[in-house]
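Please read it alongside the coordinates.

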Amino acid sequence: MTPMYSTLQPLLLPKSKQWQAQDFAGIDQLHVGGIESTHELLTWLSSTSKRGLDIGCGLGGTSRYLALHKGCSMTGLDLNDDYIRCATLLNQSLDTVPDCHFVVANSLHLPFTSDSFDFVISQHASMNIDDKFALLEGIFKVLNDGGQLLLHEVMLQPNINPNCIDYPTPWASNISESHLLEWSQFVDKAIAVGFAVTQLEDNTASALNWIREARKAKPKPPFTPPLALGPGAGAMSANVLANIEHGRLQVVSALLSKPPAF
Ligand SMILES: C[S@@+](CC[C@H](N)C(=O)[O-])C[C@H]1O[C@@H](n2cnc3c(N)ncnc32)[C@H](O)[C@@H]1O
């Protein structure tokens, strides 16, 4: 497959069109529910939370949105260096360059000091991470006291054997790359790290409707999911749909909080 950067560069430079950030939604909202689910998640963001970290930011759509529409100063972090180069290129193609920059790093080794951020946001970026405790510990450390963790993740439905999940999915080509937990198992780890659960919403029903509609809609070129996920994008979304329809996967949004200092 052609590296994504080489595909995107001729589309964006020279500026043959005045691109708007929302034009990129087909590739930079790589989660079930699309931009609408991002809007819903952000209703929990405190108006005083301004310095944000987007973990597993992909092509940076959520970071761009927060910078452009919520006055945040964002850092987007992802393991995939091609995605990070593209995220930067997408920023540069806009008339107003958003206040967000992107770094290549592993979410298990966050390259930031303690108390660097008012909030951390992560959408569909923990499912292939085995050591969830280390992930949550790292997030807890880089947050300010009283900081917020906004999560939008795919979980196993209770009592489902992980071997039942159909692959490939957008986060794993097979079970050896996938580390799904039930929400209750995930939250036990978060509480052990020191977080409190402030909000929790089960988005599974709306996620199911969204995928069905998204699969019927004609993707708008040139920013279509196969550009970001490769030629297997259709098979991945079919498997996510089947996994949800058969009651194997759950989609949750949650707000976790680091306790304030006394
Ligand atoms: C399904 S995409 C979601 C991207 C973005 N959050 C969004 O919703 O559009 C998951 C992202 O997590 C990133 N990722 C997976 N494991 C990671 C890790 N250990 N450290 C940093 N990023 C990781 C992947 O490279 C990918 O870009």
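What percentage of the 262 residues of the protein chain count as buried?

1. The share is 39% of the 262 residues. A residue is buried if 20 or more other C-beta atoms lie within 10 Å of its own, exposed if 12 or fewer, and partly exposed in between, with C-beta atoms placed from the backbone.

2. This is a predicted model: local features need pLDDT of at least 70, side-chain atom pairs count only at pLDDT 80 or more, and totals for chains, interfaces and linings use all residues. Numbering starts from 1 along each chain as its sequence is written.

3. The protein chain contains 10 helices and seven strands. These are DSSP runs numbered from the N terminus (helices: H or I, at least four residues; strands: E, at least two).

4. Two cis peptide bonds deserve a look. One joins tyrosine 167 and proline 168, with omega about 5 degrees; proline 168 sits in the loop between β5 (143-156) and α7 (183-193). Another runs from proline 221 to proline 222, with omega near 5 degrees, and proline 222 belongs to the loop between α8 (204-216) and α9 (225-229).

5. Aspartate 115, a residue other than glycine, has a positive phi near 60 degrees. It lies in the loop between β3 (100-104) and β4 (117-123) and counts as partly exposed because it has 15 C-beta neighbours inside 10 Å.

6. Histidine 124 is not a glycine either, yet its phi is positive, about 55 degrees. Its place is the loop between β4 and α6 (132-142). Histidine 124 has 22 C-beta neighbours inside 10 Å, so it counts as buried.
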